[in-house]
Amino acid sequence: MELADKTTDVGNTKKEVTILFAGDSGDGIQLTGNQFTDTTALYGNDVSTFPNFPAEIRAPQGTLAGVSGFQLHFGSIEIYTPGDECDVLVVMNAAALKANLRQLKTGGTIIANTSGFDKRNLKLAKYPDGEQPLEAPELSKYKLIEIDVTKMTREALVDSGLGTKEKDRSKNMFVLGFIYWMYNRSLDNTIQFLTDKFKSRSDIAEANIKVLKAGFYFGDTSETFTTRYEVKPAKMKKGVYRNIMGNQATALGLVAAGQKSGLEPFYGSYPITPASDILHELSKHKNFGVKTFQAEDEIAAVCSAIGASFGGALGITASSGPGIALKGEAIGLAVMMELPLVVVNVQRGGPSTGLPTKTEQSDLLQALYGRNGEAPMPIVAAKSPSDCFDAVFEATRIAVEHMTPVFFLSDGYIANGSEPWLFPKASSLNTITAPLAKPRDEEDAPFLPYARNEKLVRQWAVPGTTGLQHRIGGLEKEDLTGNVSYNPENHEKMVQLREAKVNKIANFIPAQAIDNGPEQGQLLILGWGSTYGAIKTAVRDLLEEDVEVAHAHLRYLHPFPANLGELLQRYDKVLIPEINNGQLIKVIRDEFLVDAIGFSKVKGLPFMAEEIKNRVKALL
Amino acid sequence: MAEVNLTGKDFATDQDVRWCPGCGDYSILKQVQSILPETGLRREDIVFISGIGCSSRFPYYMNTYGMHSIHGRAPAIVSGLKAVRNELSVWMITGDGDCLSIGGNHFIHLLRRNFDVNVLLFNNEIYGLTKGQYSPTSPQGKVTKSTPLGSIDHPFNPLALAMGANGTFIARAMDRDPKHLRELLKRTHEHKGTSLLEIYQNCNVFNDGAFFPFTEKTSKKGNTLFLEHGQPLVFGDEANLGVKLDGFTPVVVELGEGHSTDDLWVHDETDRVKAGLLTQFFDDPRHVGALPRPFGVFYAEERFNYEDALIAQVEEAVEAKGAGDLDALLRGSNVWEIE
């Protein structure tokens with residue numbers, strides 16, 4: 001593209017850069033971040049993103065509560081996290097600076113929209129009277145680039161015929177154009193995006209494109225800014241990539257599992273942050289036979305999915321912690337009836353309503369134990385945005401092939417985060433085989449709904465099938481017949497059978513592997529879920545520094561892979577970092593009598609790789 | 001479909017029926033088993049789903065597919081089942097506690113969505129399974145184990161609630177009138193959409209006689225009004241009483257005394273406003289001037305049901321976008337290649 005060609009003379013090369021865009025939740029921060037992500041991924045960088053928005057939809061403008069952020073980390077090396085501290089902080093107003101300055105590295109760059117630092121904005125951000133943060137002495141630690149984005153946006157659009165309000169809506173494009181200039185990126189992708197998005201309002205599309213270019217030219221022509229950076233494409237595994245967010249990957253994984261099992265996905269759900277996007281995404285794919293049902297509450301959501309599973313469909317429900325708590329009784333019913341059910345929990349900070357838009361891994365014990373009675377359930381957790389696809393596909397396979405409800409754990413961090421995805425071919429995905437019972441004649445022996453195969457799995461007898469009429473429910477089942485039974489010996493036997501069935505799944509999942517580092521030695525970091533990127537980055541760096549440390553990451557949290565106990569014994573110490581107050585560690589200690597060391601962070605924020613590195617160094 | 005020749009016995013299971021001797025549930029079970037052969041349905045195409053309570057044991061006694069689920073949630077379970085299997089004949093068995101207390105929310109949403117489900121609401125105005133606490137339909141002042149000084153809860157009027165939720169089929173029957181109950185069960189089955197049949201059911205252990213004014217020979221005719229579409233509202237021991245409308249106010253008149261059946265309110269099942277008025281015939285029969293309690297089909301309306309609309313959306317999506325291509329979906333719209 002012509003603009004970029006003219007200006008390819010870039011002095012500095014960087015391996016990786018982290019940018020944090022911050023502004024009012026109405027400033028179009030998420031869109032700006034997503035556009036930069038797409039463009040930089042298309043360019044060939046590896047990239048990881050983390051949007052961070054307020055719980056309120058439109059908190060009062062200019063206030064700290066209303067600050068929305070989008071952090072992205074891109075590089076010519078492999079990128080596993082959205083970055084610890086940022087190199088560049090883009091702030092549209094005073095509140096955005098106040099809320100995010102501590103995220104900026106010493107020596108980092110601040111790009112500030114000066115019109116967001118007027119008297120009104122300073123007051124809204126609760127700066128003391130007369131204090132101008134852009135002139136504060138502590139800012140001398142950083143490189144400050146001041147641009148009056150609002151004024152320049154308006155000037156660029158002086159002949160557009162648009163009103164001031166409409167003009168101001170384009171100011172995020174000025175910033176985006178400027179950042180594209182800084183990192184020598186093409187505008188093509190965003191121009192195409194704007195053209196498509198405002199198909200019916202070509203005047204708005206033109207205005208946005210004009211402002212985008214104005215931002216780019218401003219960088220090019222203004223002599224104030226001399227520092228530009230080149231981040232070369234990353235050496236990634238060969239193949240065709242796309243960018244994907246965690247919740248989107250979860251939805252696609254469920255569609256794929258439906259296709260590969262020949263079952264019709266039925267998704268019963270009640271809107272809740274941060275799980276709702278799965279419902280939005282799935283509802284777009286009705287042409288795959290996907291049925292979505294927005295139920296009247298969380299309980300109806302799970303019960304409708306159970307009804308669908310009873311009917312021979314792939315029953316799925318999703319929520320976050322508070323909603324999962326409401327579903328508990330019904331999930332127990334699915335345990336008792338031994339029907340397939342996928343329960344998605346996109347975890348967030350708790351307890352109670354907690355921190356709806358912040359991340360946490362604090363529902364592991366809820367997934368393991370959050371039901372009355374002895375109600376064992378398999379648990380599968382995703383480690384990154386794109387891994388949600390594989391992990392939920394796997395959760396579905398276990399649910400269907402082992403006739404059991406299964407928990408799939410994601411969290412706000414990976415659900416909203418994105419990364420490039422080397423997406424699979426449909427033909428490479430495994431087939432999922434449902435243990436469907438065949439029709440019977442009068443001459444056949446009577447159907448026994450609770451007879452089991454070698455996996456201890458019962459058959460799925462779907463209404464409409466001749467000769468299989470049977471009744472199931474929440475009361476204890478008699479072995480084989482499924483009739484109600486209060487017999488003491490039978491109850492104990494059934495409790496043990498249900499547990500043995502779930503434990504046997506360990507024979508049908510891969511052995512636990514070491515992700516990185518030595519196969520035995522001083523220290524193993526045992527992680528699960530979304531801490532993967534931070535641990536991966538920390539271990540990579542530590543190994544480069546010749547610090548001997550290994551990393552294993554659990555996908556299967558119940559049952560554990562069969563070799564896990566043996567694997568843990570190969571290390572002198574086991575460190576378990578978690579975004580909770582120590583949950584996996586309880587289970588590991590309980591199951592393996594390993595004196596593991598916990599490392600908790602419960603701030604509603606993911607780990608930084610640096611935190612893991614420091615903890616490891618302190619241990620060795 | 002192959003011709004099916006079944007009898008009531010074919011619908012019985014090998015399970016011992018465990019209701020208390022003399023319970024009204026026996027009559028309802030018998031009538032359901034007796035009308036099913038007339039529907040021509042195969043046993044494997046019928047599903048009974050219940051919640052929790054005495055009535056909810058029902059599925060165990062039906063040789064069909066069945067589920068005895070959890071308290072109050074049957075409406076949500078049948079919704080999911082119908083959403084994926086619209087061809088099945090689905091019956092939901094529930095009681096006044098299950099349906100109107102713990103399951104009240106699901107119940108109203110089932111009605112507004114109008115899934116094609118037959119709901120049999122066994123109303124005995126008491127909690128039987130937990131041994132005798134008042135229920136959301138128990139009359140105010142009811143003395144029970146949990147209300148030794150009398151209940152201060154104002155009771156639900158289940159059919160008025162169902163009208164408010166825009167139910168499309170609203171009817172009432174009683175356990176002690178098997179012939180009428182059978183007729184109503186057939187109508188319930190025939191209606192496409194959520195059919196609500198409230199059945200007054202005597203709990204002879206914890207609330208014996210709650211409906212005797214309506215069900216016993218001595219008082220039945222004077223206290224009940226059997227609705228028939230197109231027929232005037234006539235009741236009374238000698239069919240000597242009628243209901244006419246004075247504006248929006250129903251008035252009981254004596255026939256022959258200056259009033260003939262021509263003056264009376266003629267029942268029209270399709271009239272939503274009048275059906276609403278009929279559900280308000282809810283007086284305590286012991287009160288002087290009480291309106292008679294109606295039985296029969298109050299209201300029936302054809303309205304699209306959720307599952308068919310859902311299937312239509314799937315079909316439209318397939319027509320508009322073509323059957324799902326998984327590779328195209330995984331690829332998305334914006335890809336790049338690393339070489």
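In the predicted model, Gly473(A) is placed opposite His68(B), a residue that belongs to strand 2 of chain B.

The contact between the two chains draws on 61 residues from chain A and 50 residues from chain B. On the side of chain B that touches chain A, the elements that contribute two or more residues are strand 2 (65-68) and strand 12 (335-338), together with helix 2 (74-84), helix 4 (104-113), helix 10 (306-321) and helix 11 (326-331) of chain B. Of these, helix 2 of chain B gives the most to that side, with eight residues. When the residues on the side of chain B that touches chain A are sorted by class, 24 are nonpolar, 16 are polar and 10 are charged.

Turning to chain B as a whole, the secondary structure comprises 11 helices and 12 strands, and the C-alpha trace spans about 95 × 45 × 45 Å along its principal axes. Chain B has 339 residues, of which 46% are buried. Where contacts in chain B between residues at least 6 apart in sequence are considered, 64% of them join residues that are at least 24 apart.

Technical notes. Residues are numbered from 1 along each chain as its sequence is written. Chains are lettered from A and ligands numbered from 1 in the order in which they are written. This is a predicted model: local features need pLDDT of at least 70, side-chain atom pairs count only at pLDDT 80 or more; totals for chains, interfaces and linings use all residues. Helices (H or I, at least four residues) and strands (E, at least two) are DSSP runs, numbered from the N terminus. A residue is buried if 20 or more other C-beta atoms lie within 10 Å of its own, exposed if 12 or fewer, and partly exposed in between; C-beta atoms are placed from the backbone. Two residues are in contact if their C-beta atoms, placed from the backbone, lie within 7 Å. Ala, Val, Leu, Ile, Met, Phe, Trp, Tyr, Cys and Pro count as nonpolar, Asp, Glu, Lys and Arg as charged, and the others, Gly among them, as polar. Two strands pair if DSSP finds at least two bridges between them.
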